Structure formats: C-alpha cells, structure tokens
Amino acid sequence: MSTILHIETSTNVCSVAASEDSQVIFQQEDHSGPNHAERLGTMVDEALSFTDNHAIPFDAVAVSCGPGSYTGLRIGVSMAKGICYGRNLKLIAVPTLELLCVPVLLREMVEDDALLCPMLDARRMEVYAGVYTRALKPVREVGADIVTAETYKDYLDAHPVYFFGNGAQKCMEVIHHPNAHLIEGIEPQAKWMQPLAERRLLNDETEDVAYFTPFYLKDFVAKMPKKLI
C-alpha cells in the first residue's frame with residue numbers, strides 16, 4: 001500500500017490531506033478565499049510534521065492538475081514539485097473534474113445509468129465540463145461549453161444527468177429537462193483525492209517532476225474561437 005500527500009488549489013478552496021493505506025489520516029481546508037500563497041505552506045508543514053512525528057514515510061505527492069485557477073494551480077504544483085524534489089517522491093497529477101466526481105459517488109444516491117457532469121465556472125454562460133459514467137469513464141472529451149437548453153440534451157434524453165461544481169448553479173437557470181439534477185456544495189478538496197491518486201500510483205501513472213505543468217483554464221479559453229467568447 002502507499003502513503004500520499006494530497007494538495008488541492010484549483011479553486012478558491014485550499015486544502016491538504018495525507019492518506020495511508022486508503023485511509024485519510026490528516027486533512028485541513030481553508031474556505032476563506034483565494035489566499036493559497038499564504039495558507040498552503042503552513043498547511044503542508046503541518047501535514048509533514050504530523051506524518052514525520054508518526055514515522056510515516058511518504059511515497060508520492062498528488063496535486064490537482066486542472067483545469068482551474070492559474071494562480072491557484074501554479075502555487076499548488078510548485079509546492080508539490082518542491083516536496084517531490086526535497087524528499088525524492090513521485091508526483092501524481094489528479095484531474096480536477098474527476099476529483100469533483102468523488103464526493104458525489106461516495107455520498108449521493110445516483111442511478112446505475114446516470115451520467116456525472118462536473119463543471120468549473122469560466123465566464124458568462126461558459127463552463128469547463130466533462131461527462132462521465134459512474135465508473136468515471138469519459139463519455140465525451142472534456143472541454144469548454146457555452147451552456148444553453150440544448151447543450152446536454154442528447155445526454156439528458158437518454159440518462160439522468162447530475163450537474164455539480166462551481167459552474168453548475170448558473171447552468172440550471174437554463175437547463176429545465178426532467179432528467180437534469182443539481183447537486184450543490186461540491187468542491188474539489190484534497191481529502192477526496194485518495195482513490196484517484198492511489199489508482200494512478202498503482203498503475204505507475206506518475207509525472208516527470210521537472211517538466212510537469214498543470215492545465216490552466218485560461219489557456220483553453222484563449223484558444224476558443226473569438227465568436228464563442
């Protein structure tokens with residue numbers, strides 16, 4: 001089994017957790033706003049002190065790799081890289097949209113044929129979204145959507161679809177399909193990273209610490225046709 005330090009900074013929430021053998025043994029969260037540069041270092045120090053005091057060596061560091069806030073992801077990835085270099089640990093990248101699905105799968109009663117649609121707010125009626133099965137198998141390519149009543153109609157006609165994340169609330173103002181369901185209060189947090197990070201570590205899906213960069217939401221939006229922005 002493995003011990004992993006988890007860092008999540010893709011949105012306004014800053015969080016750190018540590019897991020050992022599939023159990024979360026340390027967690028801290030800060031919901032006070034985008035002050036990751038101030039809070040993350042302290043939270044990581046406390047996590048490392050906790051595990052060091054209990055003689056628990058880490059195997060890897062997992063970090064949310066986006067999409068998300070440019071500043072938040074940059075701070076989180078820089079911290080993760082520094083720890084990997086300093087302690088000779090492996091680096092695991094966890095996609096933010098997959099991470100958003102974890103608390104839904106663990107806490108909500110979702111039909112077997114349901115689809116999950118995590119959303120991150122972009123601008124106006126734009127979101128960055130994915131569509132997944134309950135097994136987290138992608139149903140379509142992750143991308144930027146301009147949300148109208150028709151955007152997800154094909155999926156909604158065939159399945160219950162659960163929308164969540166900080167971009168979902170505004171979308172439900174225009175999506176009125178009977179198969180559309182909103183789950184509120186879902187945020188990407190480090191304590192939910194454990195199953196995704198462990199699976200990637202088990203499959204040796206780790207990153208090159210020197211060259212890894214996260215996926216910035218602003219970079220994708222910049223590539224969109226101007227008529228869509």
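**Close-up views of a predicted model**

**View 1. Helix α3 is largely enclosed by the rest of the structure, because nine of its twelve residues (96-107) are buried.** Buried means under 20% relative accessible area, exposed over 50%, and partly exposed in between (1.4 Å probe, protein chains only). The buried residues of α3 include Leu-97, Glu-98, Cys-101 and Pro-103. Helices (H or I, at least four residues) and strands (E, at least two) are DSSP runs, numbered from the N terminus. The model is predicted: local features need pLDDT of at least 70, side-chain atom pairs count only at pLDDT 80 or more, and totals for chains, interfaces and linings use all residues. Residues are numbered from 1 along each chain as its sequence is written, and side-chain values use heavy atoms, without hydrogens and water.

**View 2. Strands β7 (126-132) and β8 (138-146) run antiparallel, joined by six bridges.** Strands pair if DSSP finds at least two bridges between them. Glu-126 stands opposite Ile-146 in β8. Five residues lie between the strands of this hairpin, where Leu-136 takes a positive phi near 65°.

**View 3. Tyr-128 and Phe-215 form a tilted aromatic pair.** Rings of Phe, Tyr and Trp (its six-membered ring) pair if their centres lie within 6.5 Å; planes under 30 degrees apart count as stacked, over 60 as edge-to-face and the rest as tilted. The structure holds three aromatic pairs. In this one, the ring centres are 5.7 Å apart and the planes are at 45°. The pair links distant parts of the chain: Tyr-128 lies in β7 and Phe-215 in the loop between α6 (194-202) and α7, 87 residues apart. Tyr-128 is buried at 4% relative accessibility. Phe-215 is partly exposed at 33%.
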